[in-house]
Structure formats: structure tokens, C-alpha cells
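Visitor: I am new to reading protein structures, and I would like to go through one slowly with a guide. Could we look at the picture together and take up a few side chains in turn?

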Amino acid sequence: MITLEANYSKKLGLPGYSSHQFSVSLKSELTDISQAEQESARLYRVLQQSVDSNIQQIGFLPGEPAKPNLNGHQNGNGNGHHKPETDKWACSDKQRDLILKITDENKLDKAKVEQLAMDRFSKGVKLLNKLEASGLIEELLEQNGQSKPRNQRFGQKAGAR
Amino acid sequence: MNALVENGAVPLVEPVPIEKLKMTVSASRLNCWLQCRLKFYFRYVLKITKPKTAALHYGSVVHLVLQHWNMARWRKQPFDLTKLKQVFDTGWLDQGSPINWDGEEPEQKTSAWAVLEKYFTDTPIKANEMPEAVEVAVEADLGKHGLPVLIGVLDLVRAGGRIVDFKSAAKTPDNDMALHTNGVQLDCYSILYREGTGKREAGRELHHLIKTKVPKVIITEAGPMMEYQRNRLFRLMEDYVEGLDRENFVPAPGFGCMGCEYLGNCRKWEGGRH
């Protein structure tokens with residue numbers, strides 16, 4: 001097995017002599033060295049998209065009232081941080097809540113959940129659409145021994161399937 | 001109600017309330033509704049369970065192995081036929097209640113693995129093709145159309161948005177007929193995919209694993225769902241909701257009755273309201 005490791009980092013200047021920086025790393029396993037060039041190009045694209053989509057959230061700036069920090073999943077964990085006003089996820093609210101619940105209840109490392117989303121969908125958790133979020137939820141449940149059989153996926157609904 | 005329940009059938013103590021059934025709909029429920037409303041009543045309202053049939057077990061195990069194969073590609077794991085055979089063997093043993101094999105279990109098991117091996121050889125899906133989704137539960141709220149929430153599980157969405165459904169069958173299907181008879185299911189999947197991604201699917205595919213003596217694989221392809229197909233599906237859903245409102249659980253005697261597991265229950269129906 002060949003391991004390809006990639007890192008993408010970007011630093012941007014902000015008003016008030018501030019700056020912020022964000023970097024994302026991920027590893028990918030190859031079965032054949034001939035895949036390296038194509039996989040490397042894919043990783044670069046994925047990492048750049050991820051960094052670019054996240055770094056747009058500039059968070060707190062000195063001399064301004066505190067703004068929500070949208071990097072990472074800081075909402076809902078009871079650590080006293082302000083809940084972001086515009087914490088936008090592409091999936092449904094129900095799916096967002098479930099991902100956060102599974103992460104919290106199983107004490108999962110949020111960076112690893114993010115990495116899983118990047119591995120499977122080439123995008124960060126917040127950018128997953130409903131279909132992708134459903135896949136991530138199923139994967140998280142399975143990794144934590146909580147996966148349900150196919151006919152019980154809609155547990156609370158009448159006569160699913 | 002009890003008069004309709006034959007010996008050996010296991011009903012739930014309480015039937016499922018009609019109001020609850022009206023809240024959601026799935027391709028399976030809709031197909032059952034279209035096939036026979038009395039069968040729907042037995043299966044989804046009274047929740048009468050029947051022993052698993054040999055054909056159902058065959059299909060379930062084939063589906064289980066395909067699911068593992070798809071998941072392995074999604075997880076970028078190499079193709080491992082030995083591991084899939086282990087999944088197959090374990091799945092085959094897990095039969096739940098006793099199945100009536102008519103003495104043909106060994107032949108059926110050999111046939112099921114043979115058709116899977118054939119599929120792995122003939123499949124148009126390349127080993128390194130990354131699926132867009134595998135076995136994902138999705139729902140689409142159709143409330144703005146005055147319809148229930150559509151729920152379903154997509155077997156596989158191939159890279160680029162091609163929805164795949166796997167079928168195991170005893171006979172080679174005619175392409176046009178396969179698309180016609182599986183239309184409700186394919187159109188439900190299209191709606192779920194569009195709701196889940198905000199995109200139109202690139203196409204739909206039925207992958208038939210044919211369990212003839214010499215196994216075969218037939219791929220039936222369809223384009224994206226057209227507007228008229230969506231309209232047809234919505235009319236069927238309207239009929240489902242209106243029929244449930246009227247508790248319109250009448251039988252539909254026909255060729256389908258020959259393989260129906262509720263035939264015994266059906267014969268006891270005396271035409272009364274449920």
C-alpha cells in the first residue's frame with residue numbers, strides 16, 4: 001500500500017493589520033504508483049476547495065464586536081462559545097443535528113469526522129448535501145456499531161419500505 | 001380482523017393507524033398498493049408477517065454481497081473475492097425462521113454465488129469507480145404537492161449521478177417491460193436523488209442478475225425521469241392517499257395471486273369494511 005499525504009495552507013490578510021490562516025491535510029492510500037499523479041491532482045483540488053470555502057469565515061476581528069467563528073463545529077457542545085448566527089450546513093437541520101449528536105455521544109474527534117467526509121465526498125462536513133450527509137451518518141453509525149438494518153432506517157416512520 | 005388472519009400468520013396486536021401510513025410513502029408500499037390493496041392491508045396495516053420465501057432469501061443475500069462490494073469501493077478498499085464469499089456464506093446461514101427450500105437449498109446457494117461471480121466479471125462498474133452513494137436513506141417532503149413524505153433507500157448511485165437498482169430474477173427481462181414494471185421505483189429514486197442533491201440524475205440503471213442455469217447479467221438503462229413520469233407518479237401517490245382515506249382495501253384477483261403469501265388471508269375476506 002502506498003500512502004500519499006497532501007497539505008494545503010492559505011494565509012489571508014484582514015482589516016486592522018490582522019490575518020488568518022487555515023490548512024487542511026489528508027492522507028490517501030494508493031494500490032498502484034501509477035495512480036499518484038491523478039490522485040495528487042484530486043487531493044489538491046479537494047483541499048483547495050475545502051480551505052477556500054472555510055477561510056471565507058473571518059470570525060473575530062480585534063476592535064469589533066465578537067462575530068461567530070464558523071470554522072469547526074463549535075456549536076451545541078456546551079462550552080460557552082456563542083452559537084453562530086449563520087451556521088449554514090448544506091444538509092437538512094435534522095441531519096446536522098444527528099451528525100453533531102453522534103459525534104458528541106461517541107466522543108468522536110471532529111477533525112476525524114471532517115477527514116472522513118473529505119475522504120468519501122471530497123468536501124467538508126458542512127458542505128455535504130442531504131444524500132452525502134445520509135451516507136456520512138450511516139458510516140459514522142457503522143463505525144460505532146450502531147448501524148440499523150435497511151428496513152429500519154426510518155425508525156420513527158410508519159411502515160418504512 | 002381476526003377472521004382474516006390464518007393459522008401461522010403473526011399480526012401485531014394493534015394495526016398501524018391509517019393517519020400514520022398517510023404521512024409517508026415508499027416505492028415498496030406504492031407498488032404493493034398498486035398490486036393489491038388487500039395485500040397492502042395485510043402487510044402494512046395489520047403487519048402480518050410471513051415466513052421468508054426461498055426466492056426472497058436468495059435475493060436478500062445477493063443484495064447483501066453487492067452492498068459490501070459497493071461499500072468496499074466507496075472505502076477505497078481493494079476488490080477481495082474471498083471476503084465477499086465470506087459475507088455470502090454468513091448471509092446465507094442467517095435465514096431467521098425456517099425456509100421451505102423443497103430440498104433445493106444447495107443448488108440455490110450454488111446458483112446465487114455463481115450469479116454474483118458472473119456479475120463481478122461482467123459489471124460495467126470499474127473497480128476504481130467511486131460511488132456517489134451506497135445504501136443511503138433519503139426522504140423528500142412532497143407536502144407542497146399535497147402528498148406525503150417520500151422515503152427510500154438508494155442501493156447505489158454511480159459516479160456522475162447514475163442511480164442503480166439491483167434485481168435478481170429467474171428469467172431474462174425484456175428491456176421495455178423492465179422499465180415499465182420498475183417505473184414507480186425508478187421514479188421514486190429520481191425524486192429522492194434530486195431532493196438529496198439538488199441535481200438531476202444523469203440516468204437510471206437496472207442491473208439484473210439472472211439466475212438461469214448459465215447465469216447472465218443484463219443492464220437496462222433509462223434516462224433521467226421526465227416530467228410526465230413524475231406526474232404519473234404523483235397521480236399514483238394521490239390515489240394512495242385518497243384510497244387510504246376511504247380505507248379502500250379491496251383485493252385484485254389475478255396472476256399475481258399465485259405467488260402471494262397472503263392468499264389464505266385473502267380467501268377469508270367476506271367483503272366487509274375493515
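Guide: Before we start, a residue is called buried when its relative accessible area is under 20%, exposed when that area is over 50%, and partly exposed in between. Please keep in mind that this is a predicted model.

Visitor: Which backbone nitrogen does the side chain of Gln229(B) reach?
Guide: If we leave aside neighbours within four places in sequence, Gln229(B) is in contact with Asp187(B), Arg204(B) and Pro224(B). The side chain of Gln229(B) also comes to 2.7 Å from a backbone nitrogen, and that nitrogen belongs to Met226(B).

Visitor: How do the rings of Trp33(B) and Phe40(B) pair, and what is the angle between the planes?
Guide: Over all chains, the structure holds 20 aromatic pairs. One of them joins Trp33(B) and Phe40(B), whose centres are 5.2 Å apart, and both of these residues are buried. Planes over 60 degrees apart count as edge-to-face, so this pair is edge-to-face, with an angle between the planes of 85°.

Visitor: How many residues apart in sequence are the parts that Trp33(B) and Tyr240(B) tie together?
Guide: The rings of Trp33(B) and Tyr240(B) have their centres 5.7 Å apart and their planes at 75°, so this pair is edge-to-face. Trp33(B) is buried, and Tyr240(B) is buried as well. Because Trp33(B) lies in helix α2 (residues 27–35) of chain B and Tyr240(B) in helix α9 (residues 227–246) of chain B, the pair ties together parts whose separation in sequence is 207 residues.

Visitor: Which ring does Arg73(B) lie over?
Guide: Lys211(B) lies over the face of Tyr58(B), at 4.1 Å from the ring centre. Arg73(B) is placed over the face of a ring too, at 4.2 Å from the ring centre, and that ring belongs to Trp69(B).

Visitor: What is the distance, N to O, in the salt bridge of Arg120(A) and Glu139(A)?
Guide: Side chains of opposite charge can pair when their charged atoms come close. Arg120(A) lies in helix α3 (residues 110–121) of chain A and Glu139(A) in helix α4 (residues 130–143) of chain A, so the pair ties together parts that are 19 residues apart in sequence. Both Arg120(A) and Glu139(A) are buried, and the distance in their salt bridge, N to O, is 2.6 Å.

Visitor: In which helix do Asp93(A) and Arg96(A) both lie?
Guide: The side chains of Asp93(A) and Arg96(A) form a salt bridge at 3.8 Å, N to O, and Arg96(A) is buried, with a relative accessible area of 17%. The two residues are three residues apart, about one turn of the helix, and that helix is α2 (residues 93–105) of chain A.

Visitor: Does Glu201(B) count as buried or exposed, and at what relative accessibility?
Guide: Glu201(B) meets Arg194(B) in a salt bridge at 2.7 Å, N to O. Arg194(B), at 25% relative accessibility, counts as partly exposed. Glu201(B), by contrast, counts as buried, because its relative accessibility is 2%.

Methods: Residues are numbered from 1 along each chain as its sequence is written. Chains are lettered from A and ligands numbered from 1 in the order in which they are written. This is a predicted model: local features need pLDDT of at least 70, side-chain atom pairs count only at pLDDT 80 or more; totals for chains, interfaces and linings use all residues. Side-chain values use heavy atoms; hydrogens and water are left out. Rings of Phe, Tyr and Trp (its six-membered ring) pair if their centres lie within 6.5 Å; planes under 30 degrees apart count as stacked, over 60 as edge-to-face and the rest as tilted. Buried means under 20% relative accessible area, exposed over 50%, partly exposed in between (1.4 Å probe, protein chains only). Helices (H or I, at least four residues) and strands (E, at least two) are DSSP runs, numbered from the N terminus. A charge sits over a ring if NZ of Lys or CZ of Arg is within 6 Å of the ring centre and within 35 degrees of the ring normal. A polar contact is a pair of N or O atoms within 3.5 Å; within protein, one must be able to donate a hydrogen and the other to accept it, and residues adjacent in sequence count only if both atoms are side-chain atoms. Contact means heavy atoms within 4.5 Å. A salt bridge is a side-chain nitrogen of Lys or Arg within 4 Å of a carboxyl oxygen of Asp or Glu.
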